[in-house]
Amino acid sequence: MTDLPRHFRAAESALWPPYSSLTTTETPVVVATRDCRLQLADGRELIDGIASWWTACHGYNAPAIAQAVRAQLDDMPHVMMGGLAHPQALRLAERLRALLGGEFARAFFCESGSVSVEVALKMAVQYWLNQGERGRTRFLAFRDGYHGDTFGTMGLCDPDAGMHRRWQGILPQALVAELPRDEASAQALDALLAERGAEIAAIVVEPLVQGAGGMRFHSPETLRRLRALADRHGLLLVFDEIFTGFGRTGEMFAFQHAGVAPDIITLSKALTGGTLPLAATVANRKVEAAFLDDDPARALMHGPTFMGNALACAAANASLDLFEQAPRLAQARRLQSRMEAGLAACRDLPWVADVRCLGAIGVVELTEIRDLKALRARFVEHGVWLRPFGRVVYLTPALVMDDASLARLMAVVRDVLGSGAP
């Protein structure tokens, strides 16, 4: 491309960027990726500290995934799944069921994480409708939660502190509670469910890590309390593992830390190793049983055009092969120990409120960030790609990131934050 732009300037472009003003300042243009690095149009190279919103778990351009996609392209790039099926989707559904274990039964494929949560919400409501209960149409979500940008999922996000607060009064209104982090909050939630449980179709939560709501952590015991409360009040439990799934927390799935399972789980992000859009909503046998009927009115009426895209499913199967062949979970745990040591010095800075790590997630929470754009630009100037938001600088590197790149990444975080309050 002879007219390759060196920078993207929204005010001068036909492209509408995400989460940005249309007059935003210039941003880098990426022309190639390799391993854990981004090659820019101006010749610079950045260490990617967030793996493209934590999707590129194996690093960029993983040869095995690329080969699988090329081979699938030769056979069939896509076929509609309304009345048809194909081997890659069938194999992927079986593999996810086996990996999730327990009572998981069926995987529904779509193209994005937000839509997979929408499907989970629709599944949960229709689970009750198919059993003759029409009053269970609401959902219980939690403070600091984030579940997506579509209308249904925005309604599950924190209504006060979340990015969708300006939509209050327009979105579907979920019940929002505090996570049951201790006995007192568990009792308060128990009382709420006793009072309002007949309205609720499901409890929806991000297990262990609330991602875009502030990278806030909670314990496995919190998940065990939620499972017990859902069972006590006869509610479905949905775990949104779009962020935490596929090794990010040091286990294949975050719920495995707690030893309890949800009724429905949503997966996306790293499902294809960061190569193609794909998401899954996987239900257990209890949920499945409510749909085992020949009556069309009891069918789940949802079917994205590119549902179960063959190229994306081939990428996901190749990614799961890598999880089987390589020590990805051990690599995630090693990243945790490295980040705990490498970010610890940030605790001594007066504008740092907390430093926390879990698996391949490292978080430096500040008392405030006064100028996000300036802070992001400073990281780029130092040769790393990080995208702070709210009050946090976070690292979600590829599980395969080498020690030298990680050390450089953390050194830049320490230096930039250490040079003054951002």
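The following legends describe close-up views of a predicted model.

**View 1**
When neighbours within four places in sequence are left aside, the residues in contact with Thr 249 are Thr 244, Ala 254, His 257, Leu 358 and Gly 359.

**View 2. The open sheet formed by strands E15, E16 and E18.**
Three strands make up this open sheet, arranged in the order E15-E16-E18 with antiparallel pairing. Strand E15 (352-358) and strand E18 (392-395) are the edge strands, each of which pairs on one side only. From one strand to the next, the twist averages 10°.

**View 3. Pairing of strand E15 with strand E16.**
E15 and strand E16 (residues 361-366) run antiparallel and are joined by six bridges. Among the paired residues, Cys 357 has Gly 362 in E16 as its bridge partner.

**View 4. Helices H10 and H12 against the sheet.**
Helix H10 (residues 328-343) lies across E15, E16 and E18, and runs at about 160° to E15. Helix H12 (residues 403-418) also packs on the sheet, where it touches E16 and E18. The direction of helix H12 makes about 170° with that of E18.

Terms used. Residues numbered from 1 in each chain as written. Predicted model: local features only at pLDDT ≥ 70, side-chain atom pairs only at ≥ 80, totals over all residues. Heavy atoms only, no water. Contact = heavy atoms within 4.5 Å. Pairing = 2+ DSSP bridges. Helix = DSSP H or I, 4+ residues; strand = E, 2+ residues; numbered from the N terminus. Axes fitted to C-alpha atoms, helices over the stretch in contact; angles between N-to-C directions.
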